[in-house]
Amino acid sequence: MNKIGLIIQREFSTRVRKKSFIVMTILGPILSVALFVLPAYLATLPGDEKKVLVLDKVFLMDNDKGKEGLRFEYLNPEKFDLDAAKQVLKETEKYGLLYIPDGGNMDPDWIKKKATLYTVGDANIGTVSYIEGRLSNYIQLQKLKLENVDPEAVKRSRTDVNLNTINIEEKEEKESIGIIKMGIGYVSGFMIYIFVFLYGAQIMRGVIEEKTSRIVEVMISSVKPFELMLGKILGLAGVALLQVTIWLLFGGLMYFLASTFILGDALDAAAVTAQSNAGNEKMMEIMHKISLIDFPLIIGGFLFFFIFGYLLYAALFAAIGSAVDKESDTQQFMLPVSLPLIAAIIVLITALDKPDGPIAFWFSMIPLTSPVVMMARIPFGVPAWQLILSMSLLVITFLGTTWMAGKIYRIGILMYGKKPTFKELIKWISYKG
Amino acid sequence: MSILSIQEVSKYYGDYQALNSVSMEISKGSIFGLLGPNGAGKTSLIRIINQITGPDEGKVLFDGKALAPQHISRIGYLPEERGLYPKMKVGEQIMYLARLKNLDKASAKKTVREWFERFEIESWRDKNVEELSKGMQQKVQFIATVIHKPDLLIFDEPFTGFDPINTNLIKSEIRRLRDEGATIIFSTHRMESVEEICDDIALINKSHKILEGPIKEVKMANKSHNYIFEVAGDFNGAVPNGMQLLEQKSKEGITTLKVSVPDDNTSELIKQIVSNQQLISFNEELPSLNDIFIQKVQAV
């Protein structure tokens with residue numbers, strides 16, 4: 001046991017000191033937070049303001065000023081015709097010219113067809129759709145007037161509906177929070193998938209490196225091959241857990257800071273307007289829904305499936321590494337190990353959609369896919385017996401796989417030259433001490 | 001007293017038999033040469049001694065007791081295929097390997113310092129192994145092998161990669177370790193170094209042990225029964241009955257002769273020579289280990 005401790009220590013400390021680990025650990029959360037925050041932050045920045053000239057012959061636009069970043073400037077319809085307006089557009093470096101002609105007896109549908117946006121260069125989709133929105137708004141008003149309807153009455157009668165959905169199968173009738181649960185299920189399942197692959201490959205590379213540098217014969221004259229394998233797997237598990245923990249803490253901190261200092265300001269400023277009061281209510285609602293989620297169960301489940309999923313695959317990757325001399329020979333053995341993982345990530349989407357469906361059920365029981373797929377189901381609530389069965393199957397399979405991998409590893413690390421076949425690997429399992 | 005007693009050990013890999021009922025005794029405080037051509041089964045035997053694999057038949061006794069995991073820390077092994085972690089610092093690497101042999105931190109540190117001073121390589125301590133030359137790496141590996149003061153040392157081709165100066169350094173270190181009480185198993189193809197430093201040898205060929213014993217006895221048992229003598233001037237006597245003159249050469253007034261004496265009774269021959277002329281030298285022709293090796297291996 002003491003020796004496994006030494007091996008774990010070495011694997012852990014040499015990897016944690018590596019530049020690539022430090023870089024990835026620091027860059028990981030920065031990148032992911034940047035991915036969340038940057039677009040939101042950029043959106044709040046005052047960008048280049050576009051100015052669009054409006055030649056409104058029929059006074060349809062009611063002197064609309066446009067919005068932040070896109071301003072309308074009106075040309076006197078009595079002084080300008082279209083050609084003169086085009087001339088102004090060319091001379092003044094404005095973004096575009098919106099031309100609403102007169103004629104057609106003010107028929108809204110005629111105006112709709114004739115309104116034109118002239119631009120220097122290609123028109124930007126956002127700008128076009130904003131102007132379209134404004135135009136359809138004013139044309140609608142025009143139509144209401146023609147039908148003798150009071151536009152104010154229409155405004156008053158408009159109602160926003162947020163449908164309450166409640167899942168009656170849960171013990172207490174909680175408000176359903178499907179979207180958030182899906183998000184949590186997806187992120188945690190995907191994290192397990194990524195970590196199993198990344199760290200599994202690292203184990204495999206580590207074993208191959210020990211083989212090619214021939215240190216392995218020195219090592220196994222001091223420790224049992226199984227101890228060497230286990231030490232490596234556990235040492236890397238420590239590295240993985242450290243990285244995940246740092247990411248979660250660091251990412252959480254960054255997100256907190258970012259949302260307080262950057263988005264916070266923007267929210268406060270925006271909160272003045274009635275519209276974003278509704279937005280704030282929405283935020284409160286989301287916060288309330290998040291508080292309904294069973295986090296202890298999800299985190300506990302995540303750690304369990306993360307650790308055992310990793311351990312299960314780590315042993316397989318170690319066995320593959322031991323059987324070959326160089327990384328390019330791993331292909332044929334990688335396929336059967338990767339397939340269940342890839343299947344799991346495909347099923348993950350189905351399972352999020354139908355957490356209680358037969359596909360989700362079976363794939364969350366099969367140990368090679370359960371770590372990923374079960375994480376999609378846990379946020380929605382899984383019957384205790386299913387959870388316990390899935391966990392037990394995973395642990396039993398982990399023990400069996402590690403035992404088998406240890407057998408292959410023990411023979412494989414001393415085999416050089418010929419690349420073994422699957423038949424030979426099975427033969428190795430049956431060799432005795 | 002044997003430190004290692006190998007008793008009718010057999011080892012199979014599938015259908016292939018790597019060792020066939022091999023027995024040998026390795027006495028305490030000796031340097032034991034384990035010889036044999038490539039693929040004879042030497043590495044299989046060494047791996048059994050190191051408990052990397054176990055024997056399929058027979059048993060191995062270490063210091064009179066059945067070989068067991070606790071003996072690992074009393075054995076040091078330098079494999080033919082050398083290897084160290086390339087990206088690990090020299091000092092850390094030796095410390096790590098020493099601690100895996102159950103050496104505690106403090107005494108490991110102390111011993112590492114002693115060896116670094118002895119080999120005058122203190123400046124390497126913080127270098128990565130991959131920065132060292134092959135010969136330098138070999139030295140580091142040698143230290144890693146002996147760092148825990150093992151009772152039994154197994155060197156598989158220890159001199160490959162060393163220049164003549166370092167070869168001598170390692171040779172004298174091996175002798176010094178023996179004088180301090182360690183037993184050394186020395187596996188090699190280089191017969192000249194075996195003759196120079198081994199006390200006993202065993203020869204394995206095609207999974208069988210075909211020869212064992214002290215070098216002197218092995219040579220005696222495999223001698224040609226030929227004798228070589230030099231006389232002043234031409235040889236003018238006659239070879240007695242039952243003996244046969246094999247060769248005769250003259251150079252600068254000295255004649256060298258080789259005579260086969262099947263019963264090793266040389267007194268008649270010597271009488272013959274000295275009664276006629278001046279005898280300069282008279283020697284038994286002893287075979288070199290190289291000759292014995294080739295002869296035995298080819299005979300099978």
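1. In chain B, the domain assignment places domain 1 at residues 2-220 and domain 2 at 225-284; such bounds come from an automatic or database domain assignment. The centres of domain 1 of chain B and domain 2 of chain B, taken over C-alpha atoms, are separated by 45 Å.

2. The structure is a predicted model, in which local features need pLDDT of at least 70 and side-chain atom pairs count only at pLDDT 80 or more, while totals for chains, interfaces and linings use all residues. Residues are numbered from 1 along each chain as its sequence is written, and chains are lettered from A and ligands numbered from 1 in the order in which they are written.

3. Chain B holds 9 helices and 14 strands, these being DSSP runs numbered from the N terminus (helices H or I, at least four residues; strands E, at least two). Because its radius of gyration is 24 Å, well over the 19 Å that the globule rule gives for 300 residues, chain B is more spread out than a compact globule. The radius is taken over C-alpha atoms, and the rule is 2.2 Å times the number of residues to the power 0.38. The C-alpha trace of chain B spans about 75 × 45 × 30 Å along its principal axes.

4. Helix H5 of chain B (residues 164-179) has 16 residues and reaches 22 Å from its first C-alpha to its last, close to the expected 22 Å; the expected span is 1.5 Å times one less than the number of residues. B:Gly181, with a positive phi near 115°, follows H5(B).

5. The contact between the chains draws 19 residues from chain B and 15 residues from chain A; two residues are in contact if their C-beta atoms, placed from the backbone, lie within 7 Å. Helix H2 of chain B (residues 90-100) supplies the largest share of the chain B side, 4 residues. That side comprises 11 nonpolar, 4 polar and 4 charged residues (Ala, Val, Leu, Ile, Met, Phe, Trp, Tyr, Cys and Pro count as nonpolar; Asp, Glu, Lys and Arg as charged; the others, Gly among them, as polar).

6. In chain A, helices H15 (residues 384-412) and H16 (residues 422-430) pack at about 100°, with their axes 8 Å apart. Axes are lines fitted to C-alpha atoms, for helices over the stretch in contact, and angles run from 0 to 180 degrees between N-to-C directions. H15(A) is therefore roughly perpendicular to H16(A) (65 to 115 degrees). Among the residues making this contact are A:Met404 and A:Ile408 of H15(A) and A:Trp428 of H16(A).

7. Helices H11 (residues 295-323) and H14 (residues 370-377) of chain A pack at about 170°, with their axes 9 Å apart, and are therefore roughly antiparallel (over 145 degrees). Their contact has 6 nonpolar, 2 polar and no charged residues.

Technical notes
Parallel < 35°, antiparallel > 145°, perpendicular 65-115°, else oblique.
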